[in-house]
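Here's a quick tour of a model, with the cut-offs spelled out as we go. Have the viewer open and follow along.

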Amino acid sequence: MMRQYELVERVQRYKPDVNEALLNKAYVYAMQKHGHQKRASGDPYFSHPLEVAAILTDMRLDEATIAVALLHDTIEDTTATRKEIDELFGEDIGRLVEGLTKLKKLDLVSKKAEQAENLRKLLLAISEDVRVLLVKLADRLHNMRTLEHMRPDKRARISEETMEIYAPLAGRMGMQDVREELEELSFRHINPEAWRMVTERLAGLLSRHQDVIDEIERQLSALFAKYGITAEVKSRQKKPWSIFRKMESKTLSFEQLSDIFGFRVIVGSVEDCYRALGAIHTSWQMVPGRFKDYISTPKQNDYRSIHTTIVGPSRQRVELQIRTIEMNDIAEYGVAAHALYKDRGSVADNGDHAVSRDTNAYAWLRRTIEQLAEGDNPEEFLENTKLELFHDQVFCFTPKGGLIALPRGATPIDFAYAVHTDVGDTCVGAKINGRIMPLMTELKNGDEVEIIRSKAQVPPAAWEQVVVTGKARAAIRRATRAAIRKQYSGLGTRILERAFERAGKTFTRDALKPVLHRLAHKEIEDVLAAVGRGELPSADVMKAVFPDFKDERAAAPAKPAKRAGWFNLRNAAGMLFQFPGQASSGGDQRHALPIRGVHGDLPVHFAPEGAVPGDRIVGILTPGAGITIYPIQSPALVAFDDQPDRWIDVRWDIDQTTGERFPARISVTAINEPGSLAEIANLVASADANIHKLSMVETAPDFTEMVIDLEVWDIKHLNRLIGDLKELTSVGEAKRVNG
């Protein structure tokens, strides 16, 4: 175990004026607090925070961060308190230690929810100070290095969590070395056989090709010397997890991989990067489509480098990365490396090691934090964050030249939401490079995207299955929920308006304010939506507003045998259904809800047998599903005879401009001979109706009985169609099916 003076010496190597007193005090305090605690390996528990601190010294971080690493488990696992740490080490260190403390006693419904809540807290803490992330990743890295001492089931769970969250989070924050080691350790425990196979083959490949690797390094060094470029050339080998993932995703064998080995060229300046690139491309042939300039267009995690692939010595494909020393530090240590380059700007000066917030990594983090503020539930947040973490980027442009970084596979819908939530919600189309293209088009690097908008647009729920960004998915879900809530709220308003009218009262939204607590809701909209969903009877609202109100309908005895006598209906389209026991007003339709179809502003559905304009209809309120419209002759209505609160007055209110057909079901008995079905289908089509569904009920040698679900304009259209079917020589009988 590393001693106290050894830790101080490690920090002194890169920070000679280290605050030794702070490190010594944190070392002694943490060791005393953890006392005789043991890890699963049997080692003293204090060895863990000490190793976490050692990992952070490799990143050359300041003594405050090292002190936090030593203390990071004290609040959670010992008698230490936030107040005590504030008093001994200052509020800054106390805040960071608390930010790293896991959630302990939460009433959460699932392990997934707990994981999501921990991620929420971690990201919120990171947004305030990036050092929380650096300590957390070092903590996870050491835990993964010692994971073999845990139970097999726990090893698998921790490895999967590391692979799903912490490794890609390290990558998104630019810490590539940490990401690769976390992936490597997780891969080893998740799929040990695959890890062993890839590792053994890599070792064999390296031994066979070492001479070629040395020769390429020698030739590259000689080339740069010829052009007067000072450069360091280092070979690099892909990691086992990266190789296995490529084999899986592209269905390749190990022998088919051509980019297992690559070379990194480190030069002194950006100018030298492009000089080195010119020297390479004038000496060897470039592989088309394998050149990427991440210096002029950095990745979202601030990664900057030039990538190219050439056909090098011995006709071998050679991958090259060209970057400066600073770019290399940032590529390996990400946000931690920004402490070494303060000239980029900083949030706050934390000694000599300030950390920049003006980075692309922080921009991504800020967008993720926005999702927290918009109220997604824990599981949705976890899902959306994983979507953001896993994808590589494509870079697209707005018409004004603005750069938008998106996950690979993103669509114009993702682009619209990346610009602004309002732009996504009102998106109706897109131009890609000046051409109108489908919204499902996958965007490519360099595409210019122009979003076409309409204020009348509401994002369809189906978009959620198309988009790949967490922000777009969360926004679509919110918009869908808002649209459904608006529908139910509108239905609830209309139900209450008519209920109040029947009682001789006038409904106003303000009348609900004083009684919200009686109705167990906080907002008026919640009450209206609950009524619309059928969760809150209108009679209960009436009683809350008018305590002396008596529902005469509820007191009326149910008489199923005389159910048809409960209605007062006219003989034309637009019939009005009266509630059981309700006093008729001579067929007055003022209290009836207007029904236009399934695409109106109310949550309306039709019974399986359908209903068409001209039918006498009744609405049944189904909790959580809105109104189901039945024709008055439907036998299914018998089931609701003893539930008067669910019966809703409805009437047809057809908008001729919409051109909407309505569902109906018919039964057809046809002669069983070739061509009879085609004859029926042709007649339906020629009559301007539409077959939605067809099923064979009974088939005999001489006849076939089929049930056809149709879409027609109204009752006259349906009756005319049935009459035409009866005229066919191949049809024995045609009739409407009611339930």
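Is Arg-95 buried, partly exposed or exposed? Arg-95 counts as partly exposed, at 30% relative accessibility (buried is under 20% relative accessible area, exposed is over 50%, partly exposed is in between, with a 1.4 Å probe and protein chains only).

## Ground rules

This is a predicted model, where local features need pLDDT of at least 70, side-chain atom pairs count only at pLDDT 80 or more, and totals for chains, interfaces and linings use all residues. Residues are numbered from 1 along each chain as its sequence is written, and side-chain values use heavy atoms, leaving out hydrogens and water.

## Salt bridges

The count comes to 26 salt bridges, each being a side-chain nitrogen of Lys or Arg within 4 Å of a carboxyl oxygen of Asp or Glu. Arg-95 has one with Asp-92, at 2.4 Å from N to O. Both sit in helix H7, 3 residues apart, which is about one turn of the helix (helices are DSSP runs of H or I with at least four residues, strands are E runs of at least two, numbered from the N terminus). Asp-92 is partly exposed too, at 33%.

Glu-332 is buried at 16%, and Arg-264 is buried at 17%. Salt bridges with shared partners also tie Asp-62, Asp-92, Arg-95 and Arg-131 into one network.

## H2 against H4

The axes of H2 (residues 20-34) and H4 (residues 63-71) come within 9 Å and cross at roughly 5°; axes are lines fitted to C-alpha atoms, for helices over the stretch in contact, and angles between N-to-C directions run from 0 to 180 degrees. So H2 is roughly parallel to H4 (angles under 35 degrees).

The contact divides into 11 nonpolar, no polar and 1 charged residue (Ala, Val, Leu, Ile, Met, Phe, Trp, Tyr, Cys and Pro count as nonpolar, Asp, Glu, Lys and Arg as charged, the others, Gly among them, as polar).

## A four-stranded sheet

An open, mixed sheet has 4 strands in the order E13-E15-E14-E16 (pairing takes at least two DSSP bridges). E13 and E16 are the edge strands.

Terms used: Angles under 35 degrees count as roughly parallel, over 145 as roughly antiparallel, 65 to 115 as roughly perpendicular and the rest as oblique.
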